[in-house]
Amino acid sequence: MKKGDAEIAGCTDKEVPSRLFKKRKSNIASVFGLDPKKDNVCKYVARREVKRGDKTHYKAPKVQRLITEKRLRRKKLVKRVKLDRYKTSKEAAAKYEKLISQYVKEKKAARSAAAKEEKEAKAAAKK
């Protein structure tokens with residue numbers, strides 16, 4: 001598409017600045033050359049002025065992928081829950097294995113006793 005010879009009134013004759021800026025933490029840090037781990041990128045977010053009547057407010061977008069205390073706590077909790085699940089399942093498996101081995105031992109003893117009894121009965125019947 002080619003630009004025409006005359007400007008369109010109200011459309012191409014004026015410059016409109018970009019209202020939005022970066023929202024992701026790493027992108028903001030890279031634009032301003034900040035250290036992503038140490039510097040607070042919330043201070044560098046593009047703010048815009050909103051006038052309501054005679055008051056002026058400033059709006060800023062929410063910065064995404066911020067590592068906050070809340071997020072670290074949640075991560076720690078998830079890890080702990082996972083570890084607890086692992087431990088309890090291991091204990092349950094050990095308990096079950098012990099129970100099964102005991103059951104098998106009892107079954108074996110009962111079978112050997114029954115076989116011994118049967119053998120003695122056969123021997124007594126022969127005499």
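This is a predicted model: local features need pLDDT of at least 70, side-chain atom pairs count only at pLDDT 80 or more; totals for chains, interfaces and linings use all residues.
1. Order of elements. Helix H1 covers 25-32 and strand E1 covers 48-52. Strand E2 covers 55-59. Helix H2 takes in residues 69-126.

2. Burial and surface. What share of the 127 residues is buried? The figure is 6%. Buried here means under 20% relative accessible area. The accessible surface of the chain is about 12,700 Å². Carbon and sulfur atoms hold 55% of that surface.

3. Charges. The protein chain carries 42 positive and 16 negative charges. How far apart are their mean positions? The distance is 4 Å.

4. Ser 101. This residue lies in helix H2. Is Ser 101 exposed, partly exposed or buried? Its relative accessibility is 39%, so Ser 101 counts as partly exposed. The side chain of Ser 101 has a polar atom 2.8 Å from the backbone oxygen of Lys 98.

5. Arg 65. Look in the loop between strand E2 and helix H2 for Arg 65. Its relative accessibility is 54%, so Arg 65 counts as exposed; the cut-off for exposed is over 50%. The backbone deserves a check too. Arg 65 has a positive phi of about 60 degrees, although it is not a glycine. Most residues other than glycine have a negative phi.

6. Ser 101 and Arg 65 together. These two residues are 36 residues apart along the chain. How far apart are their C-alpha atoms? The separation is 51 Å.

7. Lys 43. The loop between helix H1 and strand E1 holds Lys 43. With a relative accessible area of 65%, Lys 43 is exposed. Now pair Lys 43 with Ala 60, 17 residues apart from it along the chain. The C-alpha atoms of Lys 43 and Ala 60 are separated by 9.9 Å.

Technical notes: Residues are numbered from 1 along each chain as its sequence is written. Side-chain values use heavy atoms; hydrogens and water are left out. Buried means under 20% relative accessible area, exposed over 50%, partly exposed in between (1.4 Å probe, protein chains only). Accessible areas come from the Shrake-Rupley method with a 1.4 Å probe; for residues, only the protein chains shown count as cover. Lys and Arg count as positive and Asp and Glu as negative; His and the chain ends are not counted. The place of a charge is taken as NZ of Lys, CZ of Arg, CG of Asp or CD of Glu. Helices (H or I, at least four residues) and strands (E, at least two) are DSSP runs, numbered from the N terminus. A polar contact is a pair of N or O atoms within 3.5 Å; within protein, one must be able to donate a hydrogen and the other to accept it, and residues adjacent in sequence count only if both atoms are side-chain atoms.
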